[in-house]
Amino acid sequence: MIKRFYLILVVLATLSSFFTSKLNAEEFASYKFDAGVHLGLSGYLGDANESNMFKHPGFSAGASFRYIANSRLALRAIFSTASLSGNTLDFEDKFPNNINYEFSSQVYDLGARFEFNFFNYGIGETYKRMRRWSPYLSLGVGATVANCDGVSSFAMNIPMGIGIKYKLKPRINLGVEFSMTKVLGDKIDGENLTDLYQIKSSVLKNTDWYSQLNLSITYEFGKRCETCHYVE
């Protein structure tokens, strides 16, 4: 797990140095959009793992596009993929006849998230008390497609996240985010674990979760008009 994070840090540092080399004299301007990529670890909670979500860590990656409404609010579209796995041998309790269940799956997630920055995030405009870093919260809605043992499933999801952003350069942002995604279904861990305890699934019970701990880098573009002119 630690080795994977070291690898991710090296990749993001390389991307950061590439973008920084392209920026010679950056203006302290405000931009409307950013786009970027993220890499990290994934975990699973469900019928085959009820406690430690990173018991069997996987790999996650993705890309995002963000509309920056202002220094506090943003709307982010995100596509990601993550590998998940679990094994009921990890349980202290045993199933009848010592039956064991394990799975590995690949999930694909597409959704939109609303983000709220705790501080005015940005560089310049000192009268607004802008900060180069800010913690933030995110909440949204999306859809998950999972492939497990050659069988695909689809379900809506609700992603929730917390993270921190840091503005490395006026147009380059680094970030760390931990998110939990509640899947409104019970099939990302396969057909055998769909109804393990004979409890009918609902939105509030017997559904699966997956988590992601990601490092990201994004690039801002679409400069805002600094002076507004009224034309009769």
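This is a predicted model: local features need pLDDT of at least 70, side-chain atom pairs count only at pLDDT 80 or more; totals for chains, interfaces and linings use all residues.

**Cavity and pocket**

Strand 6 gives the largest share of the lining of the largest cavity, namely three residues.

I then looked up which elements supply at least two residues each to this lining, and found strand 5 (133–148) and strand 6 (151–169). The residues that line the largest cavity are Ala146, Cys148, Val151, Ser152, Ser153, Lys187, Gly190 and Glu191. By class, I noted three nonpolar, three polar and two charged residues in the lining of the largest cavity.

How many cavities of 30 Å³ or more are there? I counted one cavity at that cut-off. The space in the largest cavity comes to about 40 Å³.

I turned next to the open space. The largest pocket holds about 610 Å³. I found 37 residues lining the largest pocket, and those that lie nearest its centre are Ile68, Ser71, Tyr121, Lys167 and Glu220. Two or more residues of this lining come from each of strand 1 (31–45), strand 2 (58–68), strand 3 (73–87), strand 6, strand 7 (172–183) and strand 8 (209–223).

Which strand gives the largest share of the lining of the largest pocket? I recorded strand 7, with five residues. I also noted the classes in the lining of the largest pocket: 15 residues are nonpolar, eleven are polar and eleven are charged.

As a last entry, I set down that strand 6 contributes to the lining of the largest cavity and also to that of the largest pocket.

Definitions and conventions
Residues are numbered from 1 along each chain as its sequence is written. Side-chain values use heavy atoms; hydrogens and water are left out. On a 1 Å grid over the protein atoms alone, a cavity is a set of points where a 1.4 Å probe fits but cannot get out, and a pocket is an open set with protein on both sides within 12 Å along at least five of seven lines; lining residues have an atom within 4 Å of a point. Grid points are joined across faces, edges and corners, and a volume is the space filled by probe spheres set on the points. Helices (H or I, at least four residues) and strands (E, at least two) are DSSP runs, numbered from the N terminus. Ala, Val, Leu, Ile, Met, Phe, Trp, Tyr, Cys and Pro count as nonpolar, Asp, Glu, Lys and Arg as charged, and the others, Gly among them, as polar.
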